[in-house]
Amino acid sequence: MTTVKKFINSILKLIFPVECLNCGRENYYLCDNCLKKILVQPTLAPFDHPLTHLDGVLTATNYHENLIAQTIHYFKFRFIQALAEPLAGLLIDFVKKIDFDLKNSLVIPVPLNKKRLLERGFNQSYLLAKIFAEHFNLPLSAEIVSRSRNTPHQVGLNQKQRRLNINNAFTLNLPEAVRNKNIILIDDVVTTGATLEEIAKLIKTAGAKTVHGLTVAKD
Ligand SMILES: [Zn+2]
């Protein structure tokens, strides 16, 4: 590195220090020690309503654990894309732990609406899905499902309102791509499962064999 570059880097580090969001260790957004503190718990997320189209929702961790909530917050709202790596690592660990059968699987990230994609600059679910699919050498497609309309935030809505809010919000662009496939729908957090259910409805109708939601955390 040239002296000038070194100088610029040290200035940048002073202004935007890269440090672990939990312990402050330098050069990591979330260091390995802190990542290990996040418990990967192989549990099926309990939902207060039956899942009709989904064959199951698999969640790696609990959103009520402080460190995971904080990490996801930095990832989504402070736009630290580098956190996709440790967060996707939790998904990978989890799937290995429960020995989930990934044969004939196709990975689809939950699409973000255009407005939010412009605000954030990236789709967090896509980043997670990409690392996950590459790790297991699975096909991934972000083109199969898209958002057909912008929906207001789901925060603060009850189960019924969430269903109505998300109703017909998605379009299946390539129905033939999901036929006879086991679909893994990836998102960062699941709350009531209304979004995953809505997408699963489309995919199942088009002839997918199974549809599972897979998320980093359950809120
Ligand atoms: Zn740390």
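**Close-ups of two helix pairs**

**View 1. Helix α3 passes helix α4 in a left-handed crossing.** A crossing is left-handed if the near helix is turned anticlockwise from the far one by less than a right angle, and right-handed if clockwise. The model is predicted: local features need pLDDT of at least 70, side-chain atom pairs count only at pLDDT 80 or more, and totals for chains, interfaces and linings use all residues. Residues are numbered from 1 along each chain as its sequence is written, and side-chain values use heavy atoms, with hydrogens and water left out. Helices (H or I, at least four residues) are DSSP runs, numbered from the N terminus.

**View 2. α3 (residues 66–77) and α4 (residues 84–97) pack at about 130°.** Their axes lie 10 Å apart. Axes are lines fitted to C-alpha atoms over the stretch in contact, and angles run from 0 to 180 degrees between N-to-C directions. The two helices are therefore oblique to each other. Angles under 35 degrees count as roughly parallel, over 145 as roughly antiparallel, 65 to 115 as roughly perpendicular and the rest as oblique.

**View 3. Residues of α3 meet residues of α4.** Ile68, Thr71, Ile72 and Phe75 of α3 touch Ala84, Leu87 and Leu90 of α4. Contact means heavy atoms within 4.5 Å. By class, six are nonpolar, one is polar and none is charged. Ala, Val, Leu, Ile, Met, Phe, Trp, Tyr, Cys and Pro count as nonpolar, Asp, Glu, Lys and Arg as charged, and the others, Gly among them, as polar.

**View 4. α7 (residues 159–166) packs with α8 (residues 194–205) at about 45°.** Their axes are 9 Å apart. This crossing is right-handed. Arg162, Arg163 and Ile166 of α7 contact Ala194, Thr195, Glu197 and Glu198 of α8. Two are nonpolar, one is polar and four are charged.
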